[in-house]
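Biologist: I'd like to learn how to read a model like this one, feature by feature. Could you walk me through it?

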Amino acid sequence: MDNTGGNQQDVDVPPVEGVAGGGTAYGWIDGGPNPLKGSIDPLEVTTADLVHVWCLPSTANVGPQEMPRHLEPINLLAARNERESVQIALRPKVSWSSSGNAGVVQVQCTDLCSTSGDRLLIGQSITLRKVVSILGVPDALVPLDLPITQISLLPGETTALWISIDVPTSQPPGRYEGEFIVSALKTVSESPSQYMGKAEKHRLYTELRNCLEIVEPIEGKPLDEVVERVRSATTALRRVLVSPSFSEFCSDNGSVDMMDEDAISNLSVRVKISITVWDFTLPATPSLPAVFGISDTVIEDRFGVEHGSQEWYEALDQHFKWILQYRISPYFCRWGESMRVLTYTCPWPADHPKADEYFSDPRLAAYAVPYRQAVSGNDGAKDYLQKELGILRTKSHWKKAYFYLWDEPLNLEQYDSVRNMAGEIHAYAPDARVLTTYYCGPNDAPLGPTPFEAFVKVPKFLRPHTQIYCTSEWVLGNREDLVKDIISELQPEGGEEWWTYVCMGPSDPHPNWHLGMRGTQHRAVMWRVWKEGGTGFLYWGANCYEKATVPNAEIRFRRGLPPGDGVLYYPGEVFSCRQPVASTRLERILSGLQDFEYLKLYSSRYGREEGLALLEKTGLYLGPERYTHEHMPIDVMRGEIFNTCRP
């Protein structure tokens, strides 16, 4: 889809979302001859003569063969309590190192400052991550040190850096400016240890310690686990050996030398960045409950924690707190027979202090209550359920609660199981909400003459045992007009809701979160939810990669699923990190959820019809096969809302 116009703004309005474009392979290349020959000293040559530096939006998939563009200043727009991201791409023009690398660059960041003296601080509001390919697709976002970090560049390959700016809720509105400074570093013949910074030493120490922890406990272990541990340790050691710190031992090249301030000032490439913070605050509690599953068994296997142990609680607590930053309401899940699923947001019982801490967190829009105990205890299942509901119904956060009992029931027996469990729940709590995901009616007792008619009649069949009818977007195909048929069967006056989900389907070109899809395709999932009028969204799994028994074992997607399906973040240990590592897809999900808040604000001011007209006018999203492939319409939509809704 072509872009529709530019940002229509008054002269006095600061630049809004000035980084436009999207996708890969823009076709621009510096084809001129390079005059640099022989030995190159970066202290005597400008970095611009050695490295292409340019900027790309967060929707661009920046792979190793991404070709350079002209460098332009970065101009972003953000509300308070919002995260905005952008990418800086680096591609060497020549090699100035005699090792296998083209050379090493230093990237330095400043605070972003307003004219009134307010700041967005490095390390707090500003983070920097390196985009790492998974199955050849740029996806994993590995944290880098700030305010200064070093990046090793490979000949003929583009490296992408992902910059995120988190605007605190209390941040004063205004225009904030700063810069990223890119400097080519000199190689010297002295020992790398003389120039190795504390952060690099700590990284290498962590890598080597992890190797030891992997291979030490192998006595008495099964052969396949021993092989996996040795393979993981070998991979980690290889990462250490090929790092820039040991480059002199791989060739006759020396280590990198930090540049002095004068050299940085005179020779570096400066990437100007500004962000306009406007007087709108995204609500702490997301307007759209987006509930995402986290497999507790995957955590248990990979991190070697025993179910119900102190380490198990700590691991789940880490994942819960980490995922909340993405405006996602997590639930932990454990799969049973025939797609029966045990889901729970909090591993502790309702009378535990941690339960109130979890459920009262304003960032949590919805929480799953387990039908039976998440951790075995002395109480019987029925006594447990009655006790839990008795406590939770007295809490102000009870309105967030839901039960998710079965995933995609297929036949009459499975539908009856949902009805029976829901009946037991409602006997103790008549106002409890039960969520059921489905893409068809019972296949052995058709509810209608055609599959779609049977699908539409599911609410009548499940009533009053389900309150949240969560349907697959795959069912609609490109017939968005069928939404009204689904909604017409619901009884919102009785508290019934319509949620949606994606998983294996729908497939390209429809919006989904598979690896290798366009960035706007990832972001469009939430545009679709807003346009169709859904009141919630579910995703089955965020960490459902193949089983492994070592924390830093190679990540493998599950066989039979599209790459990336069920995996939105990675175990940090694979990249020598202490925290989970987000994917670009997870960041785009956050952006889509933030877009949802913008559209909600606009429609609250001017009406839903005007909001739908804005989607069409900007060319952002018209349907599951008609949405922008470029970033510019996102800029235009957000700029229009900024211009019309700011005080």
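This is a predicted model: local features need pLDDT of at least 70, side-chain atom pairs count only at pLDDT 80 or more; totals for chains, interfaces and linings use all residues.

Biologist: Which residue does Lys387 meet in a salt bridge?

Modeller: The general idea goes like this: side chains of opposite charge can pair when their charged atoms come close. Here Lys387 pairs with Asp351, at 3.5 Å from N to O.

Biologist: How many salt bridges does the count come to?

Modeller: The count comes to 35. One of them joins the side chains of Arg119 and Asp111, at 3.1 Å from N to O. Arg119 has a relative accessibility of 44%, so it counts as partly exposed. Then there's Arg556 with Glu554, where the closest N and O atoms are 3.6 Å apart. Is Glu554 buried or exposed? It's exposed, at 51% relative accessible area, and the cut-off for that word is over 50%. Arg556, at 45%, is partly exposed.

Biologist: On to rings, then. What describes a pair of them?

Modeller: You give the distance of the centres and the angle of the planes. This structure holds 25 aromatic pairs. Take Trp322 and Tyr326: their centres are 5.3 Å apart with 55° between the planes, and the pair is tilted. Both Trp322 and Tyr326 are buried.

Biologist: And why is the pair of Tyr439 and Trp474 called edge-to-face?

Modeller: Because the planes of Tyr439 and Trp474 stand at 85°, with the ring centres 5.8 Å apart; the label applies over 60 degrees. This pair links distant parts of the chain, 35 residues apart: Tyr439 is in the loop between β20 (434-438) and α10 (451-456), and Trp474 is in the loop between β21 (468-472) and α12 (483-488). Tyr439 is partly exposed, at 28%. Elsewhere on the list, ring pairs link Trp312, Tyr313, Phe320, Trp348 and Tyr358 into a cluster.

Biologist: Which residues make the nonpolar surface patch of about 220 Å²?

Modeller: Leu212, Val215 and Val230 make it. Val215 belongs to helix α1 (residues 198-215) and is partly exposed, at 31% relative accessible area. A patch residue needs over 30%, so Val215 at 31% passes that cut-off.

Biologist: Can you zoom out to the whole chain?

Modeller: The protein chain has 16 helices and 27 strands. Of its 647 residues, 56% are buried. Among contacts between residues at least 6 apart in sequence, 77% join residues at least 24 apart. The chain exposes about 26500 Å², and carbon and sulfur atoms supply 51% of that.

Technical notes
Residues are numbered from 1 along each chain as its sequence is written. Side-chain values use heavy atoms; hydrogens and water are left out. Patches are made of residues with over 30% relative accessible area and no salt bridge: like charges are joined within 9 Å, nonpolar side chains (Val, Leu, Ile, Met, Phe, Trp, Tyr) within 5 Å. Accessible areas come from the Shrake-Rupley method with a 1.4 Å probe; for residues, only the protein chains shown count as cover. A salt bridge is a side-chain nitrogen of Lys or Arg within 4 Å of a carboxyl oxygen of Asp or Glu. Helices (H or I, at least four residues) and strands (E, at least two) are DSSP runs, numbered from the N terminus. Buried means under 20% relative accessible area, exposed over 50%, partly exposed in between (1.4 Å probe, protein chains only). Contact means heavy atoms within 4.5 Å. Rings of Phe, Tyr and Trp (its six-membered ring) pair if their centres lie within 6.5 Å; planes under 30 degrees apart count as stacked, over 60 as edge-to-face and the rest as tilted.
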